[in-house]
Each structure stands twice: as structure tokens, then as C-alpha cells.
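Subject: Structure for you to look at

Hello,

The structure is below, and my notes on it follow. Please read them with the model open.

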Amino acid sequence: MTGIFIKQHCGPAKIGVLENDTETPALMINLENNLASRVYKNETLRKTLRKFQKHLLSSSTWPPPEEKSELINSNVIIFPPPFRLRTPFILEEKSGTGLKEELKRYIERICELKSSLNKKVLIACCLPADFFRTSKNQIIREVLKEANIDIATISGMESVANNQRRLVEILVNARKTIPADIAIHASVISLPTHAPLLVYMGVDILDCAYPLIAAAYDVYLHERGELPLQNMTVLSCTCPICSKYDSVSELKNLPPDARFEILSAHNLIMLLKIINETRDAIKRKTIWELLENHVYSLPVTTAAMRHLLLSHQEFLEKYTPVVTSRRVICTSALSYYRPEVVRFRERVKERYMPPSNVALVILLPCSARKPYSKSRTHKMFREAIKCGAGPKFHLIHEVIITSPLGIVPRELEMTFPAAHYDVPVTGHWDREEMEIAISALVNYFQKIGGKIGIIAHVENAYKEIVEEAISQLGLEAIFTVKNSESVTSPSALKRLETTVREMLEGHELKGGDAKDRLVQDYRKIAEYQFGADVAIDLINETSVFREEGNRGVRVLTEGKFVAFLEYATGLYKLSLHGAEVLLLKNKYCVFVKDIPRTEDITADTVIRACNEIRPHDEVAIILDKTVIGIGQANMCGQEMEEASKGVAVKLRLMKPNIKSRQ
Amino acid sequence: MPEIYNKVLKIRKKYLQKVSVKSSTLKRPIYMKSYDEKFDGEICKAIVITLKTRGCAWALSEFGGCTVCGYIYDAALKPVPEDLLLRQFSYAVREIERTNRPVILKIFTSGSFFDEEEIPPPVRHKILEIASKIDNVREVVVETRPEFVTSDVLTECTKILGDKILEVAIGLESSNDDIRMTCFNKGFSWKTFLSAAKIIKENYCRLKVYIFLKPPFLTEMEAIKDAIRSTRDAISAGADTISYNLSTIHRGTLLEYLWKRGEYRPPWLWSAILVLQKVSAIVDLEKTKILCDPVAAGKTRGPHNCGSCDRYVVSILRKFSLSQNPEVLENIKFCRCINAWKAFLHAESYSFSQTVNAYETLT
């Protein structure tokens, strides 16, 4: 067994465990040149660093230098690529056969080495960054799939540290090309400003090269960047190295060799700190918040992040959990394209259909308190609407306009991330968020089709959004808030009530409509979560909904318990009966080889997994064409198929009376 | 054959077109220079003359020549009449006549002295004959590709030279076939070199081997290791003199193309010091001469350190070449760029790419 054991994902960033129990993201330090150990010849420095050693991977290159056998101490061997693979010209050949053969020979030699070594060492192959800028991906992927290697080192990354487009292109392509169970090491680009972003793009290992280079040039690294020592005025760092010095001048006046020693130790600790912070953020699912803080330190990282969000959204979305227990905090303009947020908008656009038999659409502003209906303003709106509608309430569809989600139909207001996001509210909308809301609204009205009564109980920017959306479609809306009024003023609320009453006049009440609307509302959540075809079988006219305290709602269809709607997440947890529906539609299914013995189903037992599966999705576990259990996905479907290690699914429920096939 | 020669050929053709427009005189040699060098225990005057011939056969071939060499652009590119070749050589004779000191005469062509297309046999005979008649000439050094070394030619040459020693220099660059073929596009194998070396030694000539520091596509550390290994291999093949060529970026070469893209950096002078330190520890300096005379040192196109210590380090290299005394290499003054050099060695061992040197502009 080789490679990386995937523990959890937060976007493409992941926590993994290497063969030697090192948790990634980790730092690699090269012992071969003895530089690292030479840097720490000072005993106190060494002691300090030992504290951090847990996340240092020592490495060396093959073959080891003849005079010493330092190889014994290292747990990673980077196998130098053959010279032909280093020339950019090997990529110029059209057919790529030369590349394939050379790569194959290289990987074979590495595998031979690995089997010849008795010690447990990790083996890294080295692939030039240029390889991931060509159409030769397929060749590389084929060769690597067969390979028995642990780490893929992408060489020459330093040359794209200041080129946001290439940086993103290379790393995204590399992650798509390199099989999921091979860890990625991005070489010599471990700048403190770049590290969290690199990890977010799927890099597992960084190295200690940059901190040492910076130290050699008297450059002092800090959390958000770097500073030449001579320009420093205050010694702000309190790391165990720096705290020994009282002032910058003391540091500046050290002899050059000692200064190099101190600076490199400090720089290394700083980088370790950033990596540890990143690892913590992945575990706590707050990597986005960390990134939003971090990427703004340099134009190039900000640009890289934007480029990543705008051009590679589908790559990010694939690895982003569908639900987490964290609030979705959107503090900057980058958050308009946060994968969770984009996914919500896309699913509302593609999976969600407005309910049928609706006579009146009411557009409302969002509220700070979530879910909206718990807020003071929405309580007032609903009271007015209910008063106006009376028994015809089910003919109304309430839609909330918000940033950056676009629109939230009332029935999805509890669904993650609609009840879980937090934005800085100022009342000012920028053009980008307005566009997002307008296009969502336009899409919504297009789906309704034809003329429909529209009431917009909104003010300010919301009003502009509604006006622009309806003018694009040639629709008409009644605005129930006058310019001088606030949405909660008694006169506006009264106007809302009377307008609702007037608009619903003439609409006949039919028996069963109210029940039908209730079924639809619950089905919309399933539509959002699983798609329309699953939703229609999961929840139908026979469905009964039983509220269980404030935990959620139990759904029984045709007398059988199929799903449980959790209030906390606004998403369904399926029962085994519900899982049957997934199998029937061949969606969200994971096909396994054998009966799982523990509650963690590892990736090697997965034969096939549906492509639409995302981390934390509800999945049906299928063995021999029958449902044997239900669980929560821990990877995306593609990764489950590719990886040979790691937790694919966390089993929640297993069919009783299933015996092992052994 | 590696894909690299396509690129080399393309660059070569483009540049040959450029230079063929300007025609220059064939009456004077390309280059002439004299300096001190140790020979069998005494300090001699070394006189180097580079004759303008048709040009290196390999560089003019359909394989485009070596990736690092741009000397072909100084060549005549057409056969040079015999009388003009002799007229060029007469400059060296005049130079020798001006001194009473013992002389090492180095006759180079930036190609192969034994290639009859470059130097026709009658010219070769005449040149050697002239040299043999000058008393204070101790040794004649010529350079050639190994495929032109034959027993017949060498017997003939030694016969003409009589008691004067003939040293044949071969640009081996590296003893590793992979590196020589892929990184240099050198076009001859270790085997070819060995058989040439054997012929040279059988004819009681001396063998001088050029080793290149640092080849393109190698990291600085790999280049250092390769130079040391090549030295060992060359000495076991019978080399009497090892000369390290620290790379300079010639115009119109693949090396220049890589350098401009930030994918090649000429070696640090510290690397040369390290190589000499390691080599002088394993080589018997009484038997083998170790030379290192960097060209364009301290310039961006040549081997360089940080800029403030280049002159000093070059002086050390020269001192060692002249004295052959390893003590010269000890107690070298510290410069803060030693740390940078070490940091880059470290960085390159992750990256296997010379682009790490982009960080050299830090601060």
C-alpha cells in the first residue's frame, strides 16, 4: 500500500496521512546537503525546532551522496528525474510516445528502488510543472495510475510564484491529473503568502527551501509576507527564536553567519505556523475564512484566488462538502464565488423548480437572523401576508432576495447554506452582487413562465434589483413600499396586506390544494439535495410529515419512513427505504465489494461511485444490487473510485441481518 | 536521438544566417593570448592561438552541434586556403620569438585540429614542423573531437615534433553518456572517448580533458557531483590534465535560450572552489594537472557569485591553477553569499530545476 490516506476534505484542501503517519499538509526538509542540520548547529535552536518536528518530513534525493549514508535518517526519497524529462523539448513531440516511454522507465526505476529498500521510506517522483500546461495529461495520468509511488513532486513551481494564471492552471491540472492517492509536493514555492492558497488547490506537501533562501538574503518572513531585515523597525515576532532578542538592531548587528542561522530558524517556524494554522482550518472547516484573510496580502495571490474561483469553480465544488456545522462567513467580494454559495445558486437554477399552482409571488428582503422566518421583520411580513391571503395562503410563493445567494425560495430557507451564511450588511450593494441577484431572479421568473402576479415588498437596492429583473422580462410588479417608508412601517405592511387580498381575488379555492402545496414544499428540499427524479419518488401525495420536537420532520411515504428533515441543516437524512429510491434512480450510490466491518468504509472497497457525490452527501451503500446501508460520503465520487486508501463513506445505518460473504 | 537536437539545429540555422552576412578577414587568427602556466614543475608562458578555419564539423552537421557552444559563429564557414592558415599561425610564431621563457603552445581551432576539412594535412605538417624547430617550445597542445583521433595521424605528428610533447585535448564535458548526449548534444559516447584516449596514450602523447561546469538541465549540486565523477573517470582513462570549463553563455546557443527564459544560471564560483577542493583531495597533483581559468567571471553571462566577492574568488582559482597547491583553497575569506549559494543548493534538491535562481533578486 502506498500513497496518502485521505481523512477529510474542505474544498480541494485535505487532511491526509502518509505511510509514516505524518499528517498532511506537512513540511519537507532536505537533509542531503546537510544544510538543515548545519543551520541548527546551535543547540537551543535545535531544541526549539524539535517541538515542531512532528510535521517535518525529512527527505533526501537518490542516489545518496557517497561519503555519507544520511539516507537512513530521511523518510522521503525524491528520485531525480532523468535529464530528458527535464528538457522542455520532450513535450514538443506531437504523439507523446517519447514522453510516455521515458516517464514509464522513470517510474519503473523508482518502483524497483522502492521494492529493494527494506526500510519504510516514502518515494517521490518528480514532474516538471510544464507537464501540466500541455495536453499530455492523459499520458501522465495513465503512467501514474499504475505506479506505486507516494508523492509527486512538481518541480519548477518557483517560476510561477508570481504568475497567477499559470500557478492556478498548473496546480488545478496537476490535481486533476495525478491520481487522488498520490500526495502532491509543490517545490520551492513555500512563501508564507502562498502556502494556504497552495494547500487549498490540493497541495499536500511544501518544502523548507524558501525560508532558507529568504534568510540568506536577510529577509524576514511574517504571517502575511516578507520584509528585508534592514527595513524592519520593530521586532514584532514572539516566536521562541525572536523572543531571545530585545530589538531589531540586536538582530541586525549579529555576524552574518549567526544571523542566517537565526533568521532561517525563525522563517522556518513561521512557515510551520502557517501550515499548522491551515491544517487546523481544514479540520475545523474554516479554510475559506483563513484564505479570505490571507490571500489579500499580495496582488498575485488575490488574483490567483479570483482566477481559481471564476475559471475552476467546478473543480472546487467537487471537493467542497455539501454541509458543515460551520457558519458560512462571507466577508469579501471573493465570497460571491465561494463554492458553497455558487453551488446553492446553481442548484436553485438547475435542480429547483418553483411550485406549481402558484397565483402570486411575493418578493421580500433578507434578514440578519436566519432562518428568515424567525426574524422580527419576516414575522411582520408573514402576519400581513397571512391576514391578506386568509385560506388562500398556499397560492402564494415567497421569495427572498439576498446576497450572495441570489434568491432563496421560502421553502429552502432552512437548507444549508441559506440559514447559515453571514454577510457584512451595510445596505449598499455593489454591482456584482446586484447582477447575481438579478440573474437569479430572472431565471426564477423564466421557470414560472407566463404572466403572474408579483408583489415586491422591498426598498432601496432590492427595489432596483426587482425593477431591473422584471424589465428584462417585460413583467410587471406592484411595489408595496413607498420611497419614504421602511419595509416594516405600519403603512407599508398594511399596503402589503390589502394588495395581497386584492391580487388573490378571483382565484378559486380547491380542496386538496393546501396539502398538495405542503408536499411540494418538502419535495423542493429533496429536489435541491438529490435532484428532481429522486425527489418525486421520495416524497409524493401519500407522504405524511411528522414534526419531532425542534429537531426536524419525519417523512413517511406510502406508510414507510423514508427520510428525516433535520432543522439544523435543512437537509434530509435518508432511511434504508429512502436509500432504495437512490438505487432505483442510480444516483448517490456507492457500490462496494464487501460487507463493511467498521463504520468507516475505505476507498479500496469501493468498486464504483456515482459522479454527483460530494463530501458529506447522503449515499446509499450497494452490495450486489441491493441496498445494505446508508452513510455520509467523505470524498467526492470520483475520488472514491480512484483512491486506494482513505475513508470514502462514514456508515450511519446498516441493514440488519446482513452476513459477511466470507 | 533526443528531441533536443531539433531545437539546437533551429537556433543554429537562425544564427548562422545572421553571422554569414558579415564577412571578416581570414588573414588573422580569431584570438590570441598568453599567460603563465605550470609545466613539469616550471612556470612557462602559455600562448593560445585560435585559428580561423572552416568551423567545427559537428556544429555544421545536421545535428546542430553542442548545446553550449557558439564558437562556430567566429569560424569562416567555408574552406580556408592553406596559405592563409599558415599566415594566421605566423602570429603565434612571432609571439614566441618575442620571449626567452619556455613556452606551451596551444593551437586551437574551436573545432578539431585533426579534422582534415579544417586543417588540411599539409598545413598540419607545416605548423608542427615550425613548432618543432623553435627551441623554447616545451609542449604543443591541440584540441580535437575524439572521432578524428587515429593512430596514423598521431604517429605522424609525434614524429614531426620529435622531443617536444604533444598534448591532445578532448572536450569530454562529462563522463556520463546521458548528460553528454541529452544535455550537451555532444554526439560521441564514452566508448569513443575511451578508444581515442587509448590511441593518444599509446602514442606517448598527453591527454587533456575538458570538463564542463555546469551542464544545462542539471542542478548545481548534480553538476558538482558530475564534475567530480567525470574527473575521476577521465583520470582512470589516462588524462594528464583536467581543465574545468565554467560555462559562459555564448550567443546563438541553446544555453542562451534557456538562460533568457530563466532556466539556466551559470555556475557559482563557490561551486568551482568546491569541485577543486574535492578533486585535489582525491587526485595526485604531481601526476595530474588541474586547471580552471574562468572566462567572463563575475559577469551575468559568466560564472558568478554575488558581485562583491567574484574577483577575489577568481584570483583563488587562478592561483591554484598556476601553483597546483591545494593549500590555496583553504581558509578562503567568508562572503555572505556563501549562505545564499548553500540555500540554492538546498532548494534545487527539491526542484531539480534551475529556475530557483529567480529568487536571487530578493531584497
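**Contact between chains A and B**

Chain A puts 39 residues into the contact and chain B puts in 32 residues, where two residues are in contact if their C-beta atoms, placed from the backbone, lie within 7 Å. On the side of chain A that touches chain B, α3 (83–86), β7 (122–128), β8 (151–155), α8 (209–216) and α10 (256–283) of chain A each supply at least two residues. Helices (H or I, at least four residues) and strands (E, at least two) are DSSP runs, numbered from the N terminus. The largest share of that side, five residues, comes from α8(A). The side divides into 21 nonpolar, 10 polar and eight charged residues; Ala, Val, Leu, Ile, Met, Phe, Trp, Tyr, Cys and Pro count as nonpolar, Asp, Glu, Lys and Arg as charged, and the others, Gly among them, as polar.

This is a predicted model, in which local features need pLDDT of at least 70, side-chain atom pairs count only at pLDDT 80 or more, and totals for chains, interfaces and linings use all residues. Residues are numbered from 1 along each chain as its sequence is written, while chains are lettered from A and ligands numbered from 1 in the order in which they are written.

**Domains of chain A**

The assignment for chain A gives domain 1 (4–213 + 287–313), domain 2 (352–504) and domain 3 (522–654); domain bounds come from an automatic or database domain assignment. In chain A, 11 residues of domain 2 are in contact with nine residues of domain 3. The domain 2 side of this contact consists of nine nonpolar residues, one polar and one charged.

**A helix in chain B**

Helix α8 (residues 220–236) of chain B is largely enclosed by the rest of the structure, because 12 of its 17 residues are buried (20 or more other C-beta atoms within 10 Å of the residue's own, C-beta atoms being placed from the backbone). Among them are B:Met221, B:Ile224 and B:Ile228. The buried residues of α8(B) pack against β5 (165–173), α6 (177–183), β6 (206–213), β7 (241–246), α10 (269–282) and α12 (337–351) of chain B. After α8(B) comes B:Gly238, with a positive phi near 110°.

**A sheet in chain A**

Six strands of chain A form an open sheet with mixed pairing, in the order β25-β29-β28-β27-β24-β26; two strands pair if DSSP finds at least two bridges between them. β24 (residues 589–592) and β26 of chain A pair in the antiparallel sense over three bridges, and A:Val592 stands opposite A:Val606 in β26(A).

Regards
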